[in-house]
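This report describes selected features of the structure shown below.

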Amino acid sequence: MRKWRTAVMVIGLMLLISSPVFAEEGAAGAADGSMSKGLIGLGAGLAIGLAAFGGGLGQGRAAGSSLEGIARNPGAADKMFVPYILGLAFIESLVLYAFVIAFLLRTKM
Amino acid sequence: MEHGFTWFSLLPFIADDPERQLIFTTIFIAAVLFIISAKVFNSIKKSPNPLIPQKKLSFQNFFELVIQATVNIMKDIIGHHAGKYLPLIGSLFIFILFCNLLGLIPGFLPPTSNLYTNGACAIIVFLYYNYQGFKEHGIKYLKHFAGPLIYLAPLMFVIEIISHLFRPFSLMVRLYGNISGDHAVLAIFSGLVPLVVPVIFLVLGLMVALIQAFVFATLSTVYIGLAVSHEH
């Protein structure tokens with residue numbers, strides 16, 4: 001009996017929390033549609049998250065080795081600036097493709 | 001993206017159409033730049049010795065600084081005849097810089113947070129560097145697409161065409177993503193904490209605006225340099 005009551009309470013709580021989500025769907029949101037919307041949201045979040053992860057690692061390597069280069073030879077700092085910024089821009093553009101895809105996915109929700 | 005209040009929404013004709021507002025903002029920036037540069041041009045023309053810089057900080061000093069820096073970087077990339085390509089690259093740099101900086105003023109949308117504004121700039125760069133390549137090399141410019149070996153040419157041609165077509169696309173998306181992302185971060189944080197905290201993101205936005213305008217100009221220079229370079 002007690003288990004039963006806990007289960008009902010949990011389900012009720014979940015419904016209470018998820019009600020804003022369902023409310024936003026409007027009239028068209030069937031049970032099937034809500035699932036695909038959730039998946040789209042998950043995909044958008046994963047896309048930008050993974051891209052930021054990889055881009056962060058790449059940019060970290062680039063920044064680290066260029067700082068090392070400047071520490072060894074401070075005179076080269078001016079010459080390194082343009083290639084460094086360009087390298088960062090190329091790494092970053094891959095992240096931004098993911099950002100744009102996440103953004104496009106968001107408009108599909 | 002949804003935007004709150006903007007100053008241009010007070011104007012009658014463009015009030016409820018965000019696209020029209022962006023177009024108007026672009027025209028506004030172009031007009032401001034035109035007026036400033038006309039003023040600077042006049043002041044250089046009137047001064048008895050234009051080589052002596054003005055004493056106080058003025059638009060003339062600003063333009064001299066920006067143009068000198070742009071020419072130096074272009075000479076590093078292309079070579080000594082880089083000044084030929086300054087009109088396009090310099091104008092693009094200053095225009096994009098002002099567009100980006102406008103986004104930092106509350107109540108203004110940066111025009112570069114829209115794909116079409118950036119797309120126009122990127123397509124102009126694409127057409128321009130191909131035109132310059134043809135002008136420099138004639139029909140031999142097509143050799144750039146053919147790769148090192150003649151029997152690989154059909155394969156290389158396809159790959160090169162795709163990679164060249166991808167250049168304006170990546171220019172466009174890079175600027176759009178950076179500026180709209182930066183603007184979104186600024187909007188979210190000034191929504192969360194209206195005081196003091198957004199200052200950090202304004203400083204970050206200043207850096208992003210400068211660096212993205214710089215990256216756009218530098219990449220355009222690199223593309224032009226690749227198109228007009230002679231293999232030694």
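## Chain A: overall organisation

Chain A of this predicted model contains 3 helices and 0 strands. In sequence order, the elements of chain A give the pattern α-α-α.

Of the 109 residues in chain A, 18% are buried.

## A:Ala98 in helix α3

A:Ala98 belongs to helix α3 of chain A, which covers residues 77-108. The relative accessibility of A:Ala98 is 12%, and because the limit for a buried residue is under 20%, A:Ala98 is classed as buried.

Which residues does A:Ala98 touch, leaving aside those up to four places away in sequence? The partners are A:Ala47, A:Ile48 and A:Ala51. A further pairing concerns A:Ala44: its C-alpha atom lies 8.5 Å from that of A:Ala98, while the two residues are 54 residues apart in sequence.

## B:Val196 and the loop between α6 and α7

In chain B, the loop between α6 (153-192) and α7 (197-228) includes B:Val196. The phi angle of B:Val196 is near 60°, which is a positive value in a residue other than glycine.

Is B:Val196 buried or exposed? Its relative accessible area is 67%; since exposed residues are those over 50%, B:Val196 counts as exposed.

## Packing of α6(B) against α7(B)

The two helices on either side of this loop have axes that come within 9 Å and cross at roughly 175°. Because angles over 145 degrees count as roughly antiparallel, α6(B) is roughly antiparallel to α7(B).

The contact of α6(B) with α7(B) comprises 17 nonpolar residues, together with 6 polar and 3 charged residues.

## Contact between chain A and chain B

The contact between the chains draws on 13 residues of chain A and 20 residues of chain B. About 1300 Å² is buried between chain A and chain B, and carbon and sulfur atoms account for 80% of that area.

How many salt bridges are counted between chain A and chain B? The count is 0.

Notes
Residues are numbered from 1 along each chain as its sequence is written. Chains are lettered from A and ligands numbered from 1 in the order in which they are written. This is a predicted model: local features need pLDDT of at least 70, side-chain atom pairs count only at pLDDT 80 or more; totals for chains, interfaces and linings use all residues. Side-chain values use heavy atoms; hydrogens and water are left out. Helices (H or I, at least four residues) and strands (E, at least two) are DSSP runs, numbered from the N terminus. Buried means under 20% relative accessible area, exposed over 50%, partly exposed in between (1.4 Å probe, protein chains only). Contact means heavy atoms within 4.5 Å. Axes are lines fitted to C-alpha atoms, for helices over the stretch in contact, and angles run from 0 to 180 degrees between N-to-C directions. Angles under 35 degrees count as roughly parallel, over 145 as roughly antiparallel, 65 to 115 as roughly perpendicular and the rest as oblique. Ala, Val, Leu, Ile, Met, Phe, Trp, Tyr, Cys and Pro count as nonpolar, Asp, Glu, Lys and Arg as charged, and the others, Gly among them, as polar. Buried area is the accessible area (1.4 Å probe) that two parts lose on being put together, summed over both. A salt bridge is a side-chain nitrogen of Lys or Arg within 4 Å of a carboxyl oxygen of Asp or Glu.
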